Amino acid sequence: MTLPGTSLEGLRALVCGASRGIGRAAAEALATAGARVTGLARGRPQGALPFPLVAADLDDRPALARVVDRLLAEGGPFHVLVNNAGGPPAGPILEAGEQDFLAAFGRHVLASHHLVRSLLPGMREAGYGRIVNVVSTSVREPIPGLGVSNTIRGAMAAWAKTVSRELPPGVTINNVLPGYTDTERLSELREALARRTGQSPEQVQAGWLAPVPEGRLGRPAELGAVVAFLASPAAAFIRGASLPVDGGRLASV
Ligand SMILES: NC(=O)c1ccc[n+]([C@@H]2O[C@H](COP(=O)([O-])OP(=O)(O)OC[C@H]3O[C@@H](n4cnc5c(N)ncnc54)[C@H](OP(=O)(O)O)[C@@H]3O)[C@@H](O)[C@H]2O)c1
């Protein structure tokens with residue numbers, strides 16, 4: 001018996017939020033596994049990337065639609081889609097206004113929904129599709145001080161589970177739930193929390209790490225490796241799952 005492999009040779013991948021952090025690491029892991037990767041982000045990163053990066057704003061769905069249509073027309077179908085974007089600003093939920101929820105819902109759920117609908121015909125025709133959403137452990141256990149984020153992650157997980165029941169055979173969707181991972185986003189959260197609580201950034205981080213059995217932050221490359229696995233033939237029978245990659249922090253079963 002031949003085991004299905006993890007090579008992505010011959011596959012085309014679209015990775016959102018690919019200019020830095022987890023999205024960039026995912027794009028690099030997909031490219032290393034052999035995929036032809038296109039990244040999306042609003043701005044340019046400092047330094048070169050090992051894949052082309054296209055300018056697009058997930059908050060502007062009409063413009064996003066034009067960019068994706070152009071990419072499909074120019075390069076053919078995508079077999080892999082990574083839905084990933086900057087997280088909503090931190091803060092207590094009772095301080096959030098209506099617009100805060102609407103903006104986050106648009107960037108995460110509506111942009112992902114649009115991309116899935118745009119790329120699905122090509123995946124269906126190819127008989128191969130892998131959609132991987134970068135969400136958060138807050139899907140399982142809401143994180144204090146991330147009110148809007150907790151709410152939107154729950155919506156993403158419910159959306160993805162529902163989509164997983166409608167996709168054709170050969171096309172899967174799964175969620176990766178990062179724990180505390182060493183990216184710019186985390187640095188911003190650490191600073192914001194330190195300002196709000198009067199703690200030092202080091203104290204904030206020590207509090208984060210206390211319940212992590214692995215005793216450290218995650219590395220973006222460790223998240224990227226899981227995205228690449230879920231995108232591979234080896235993950236064909238994993239569908240509608242939410243996989244924590246958190247060094248063991250989640251306490252729930
Ligand atoms: N890091 C963690 O510890 C952690 C833990 C749990 C969950 N997460 C979640 O995982 C996701 C990725 O986290 P990260 O730490 O890698 O974030 P990050 O370092 O802030 O990177 C976010 C990426 O998304 C892009 N982006 C942001 N807004 C966008 C928009 N409107 N349109 C297109 N691209 C956009 C950014 O580039 P531009 O700004 O140039 O557009 C960047 O490439 C986030 O949703 C985050 O909340 C992270």
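1. Helices (H or I, at least four residues) and strands (E, at least two) are DSSP runs, numbered from the N terminus. Val 82 is found in strand β4. The model is a predicted one: local features need pLDDT of at least 70, side-chain atom pairs count only at pLDDT 80 or more, and totals for chains, interfaces and linings use all residues. Residues are numbered from 1 along each chain as its sequence is written, and side-chain values use heavy atoms, with hydrogens and water left out.

2. How buried is Val 82? Its relative accessible area is 0%. Buried means under 20% relative accessible area, exposed over 50%, partly exposed in between (1.4 Å probe, protein chains only). Val 82 touches Leu 14, Val 15, Cys 16, Leu 30, Val 132, Val 134 and Val 227, not counting residues up to four places away in sequence. Contact here means heavy atoms within 4.5 Å. The C-alpha atoms of Val 82 and Ala 25 are separated by 11 Å; the two residues are 57 apart along the chain.

3. His 79 sits in the loop between α2 (61-75) and β4 (80-83). His 79 is also buried, at 12% relative accessible area. Neighbours within four places in sequence aside, His 79 is in contact with Gly 10, Leu 11, Arg 12, Met 123, Ala 126, Tyr 128, Gly 129 and Arg 130.

4. On a 1 Å grid over the protein atoms alone, a cavity is a set of points where a 1.4 Å probe fits but cannot get out; a pocket is an open set with protein on both sides within 12 Å along at least five of seven lines; lining residues have an atom within 4 Å of a point. Grid points are joined across faces, edges and corners, and a volume is the space filled by probe spheres set on the points. The whole structure has one cavity of 30 Å³ or more.

5. The largest cavity holds about 70 Å³. Its lining includes Cys 16, Asn 83, Asn 84, Val 134 and Met 156. Helix α3 (residues 98-126) gives the most to this lining, with five residues. By class, the lining has seven nonpolar, four polar and one charged residues. Ala, Val, Leu, Ile, Met, Phe, Trp, Tyr, Cys and Pro count as nonpolar, Asp, Glu, Lys and Arg as charged, and the others, Gly among them, as polar.

6. The second largest pocket holds about 230 Å³. Of its 16 lining residues, Pro 88, Pro 89, Asp 100, Ala 104 and Val 148 lie nearest its centre. Here too α3 gives the most, with five residues. The classes are eight nonpolar, four polar and four charged.
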